Amino acid sequence: MIGLSDIVKSFGRERALDGVSIDFPVGRMTALLGPNGSGKTTALKTLLGLVRPDRGTVLWNGAAPTDERAVREHISYMPQIARFPENLTIREFLAMIADLRPRQPTRTEEMLARFELADLLPKPLKGLSGGTRQRVCAVMTLMYDAPVYIFDEPTAGLDPLMARRFKDAVAREKAAGKTIIFTSHIMGDIEELADHIVFLLEGAVVFDGTLDALYARTGEHAAEDAIAVLIARAGGNTRSGIAPSASDGNQIRFSDTVIDHHAAADAGGTRLREVRA
Amino acid sequence: MIGRLVKHQLRNVLRSRWVFVLTGFFLVFTEAMYQASGSAAGMEVTLMSVVLIILPLFSIVYGTMYVYGSREFLEVLAAQPLRRRDIYFSSWLVVTGAISGCFLVGSGVPLLAHRIGDGAMGGPLTLLASGLFLTIIFTAIAFAVAIRVHDRTRGMGVALLLWFFFALLYDGVVLFAFYALADYPVEPLALAFSFLNPVDLARILLTLQFDVSALMGYTGAVYQRFFGGAVGMLLSAAALTVWTVIPLWMGKRFFARTDF
């Protein structure tokens, strides 16, 4: 239904996406993973038309959309950083979003109750804590019955109770056959919710498949370990690479992104005796 | 859709403290100038510097800050099924409308009140119209700069530099050029140069209105003859309109391509 085809995007000299192609399967929940700066948010924003790619196409129903607005009518998006007009109240802000979208939200009351915001409706947005703003953001997104949801690190600012409620709401959407795309660094969320994983490293896709396929590929049984192996292997094979030290042939040097040095060395065909910072 | 966007954003801006502070400043300053000079004419001449220097400065600084401060909110809007063009124009309209409103109410009320008696409305109306145009132009420049330059500090630097150039430096450069070319008949050229800077254009219109052009010697006479006629007035209004359209159009193009 939606996807990215051969997207290249640079910010100045920094290449954020380097020929990224991803298909987001309909009715499934895709987790877009990768270390900080790997291009996850840029990929999401490209999909939404918030970032203009240097090359490549955004696909909607398999083709480049002629009207971006029409595409966004079907998407409800929760951004990573929640900042709104400071002098509006929560009620006014949600009313504003409803006023600007062609379809009316159908679950405002339910979501306000779920995220315990009903009593805070008359409060101006400027006095709210980061977590409360994130809850407002969650309501803004989930009050719509949209066919596609995009969440950028949705649970990062939420307390455990609210994160639980958020995940329950998202699980319900998933069960209803919605297409959901999200980024997260919280492995528990990924194991619990995602059935399709796309792993980005330095702006390139290094894994695209199911969670089981990820486990099978890496020989691990937990998302955290599997991802560490992915990063390590990519570190051995990509442009950062493992480079032999110039001074001593018995030393090897790793890129900054390598977490599991032993696995990285394994991938490079070497066994390590000692790891030094 | 622009109307709806303006309504919601204007509600937010009108609740800011600065709106009242700025209106109060214009009100107190204008009235104080009347009290200090003892005449409506003195008040109007003094207000010229506010219109030509302070208003463009505030417009460019606030316009730039608004865009940088609203970036995440503009992202939320851009993720909705809205045209970027509508988001851009509505945000600019809100900022320019709020600053213009502060000026028109704050300075307009005492300006017009002190002229009701003698009915000489030409001065106050030219002042208000010039202020309005300069606000519109400098907020448009601010939007174009802040959208184009992603780095906040650099963007503010560029905006301030542009204000400094138009409000202060340009005159100095032109004056120096004419001083160097004093032996040649450069008056028609001076006329052309004044069209290249909106602040200059407003300054000339105000100077002529307040009848101090005699101080400018032969150049003053050339200006008086040109701007005093219908063609001159039409041309200057057209030039100010062009000065509004160019940065607005550039800002719109930048906004259509910008990454959030």
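Some ground rules. The model is predicted: local features need pLDDT of at least 70, side-chain atom pairs count only at pLDDT 80 or more, and totals for chains, interfaces and linings use all residues. Residues are numbered from 1 along each chain as its sequence is written, while chains are lettered from A and ligands numbered from 1 in the order in which they are written.

Chain B. It has 12 helices and zero strands. Helices here are DSSP runs of H or I with at least four residues, strands are runs of E with at least two, and both are numbered from the N terminus. The C-alpha trace of chain B spans about 60 × 45 × 30 Å along its principal axes.

How much of chain B is buried? The share is 39% of the 260 residues. Buried means 20 or more other C-beta atoms within 10 Å of the residue's own, with C-beta atoms placed from the backbone.

Take helix H12 of chain B, residues 230–257. It reaches 41 Å from first C-alpha to last, close to the 40 Å expected at 1.5 Å a residue. The expected span is 1.5 Å times one less than the number of residues. Its buried residues include Leu240(B), Trp243(B), Pro247(B) and Gly251(B). An α-helix has 3.6 residues a turn, so residues three or four places apart point the same way.

Now chain A. Three strands make an open sheet, in the order E2-E1-E4, with antiparallel pairing. Two strands pair if DSSP finds at least two bridges between them. E2 and E4 of chain A stand at the edges with a single partner strand each, so one side of each lacks a neighbour in the sheet. E1(A) and E2(A) pair over eight bridges. Two residues separate them in a hairpin, and Gly12(A) in the turn has a positive phi of about 65°. E1(A) and E4(A) share five bridges. There, Val8(A) stands opposite Arg55(A).

Note on methods: Buried ≥ 20, exposed ≤ 12 C-beta atoms within 10 Å, placed from the backbone.
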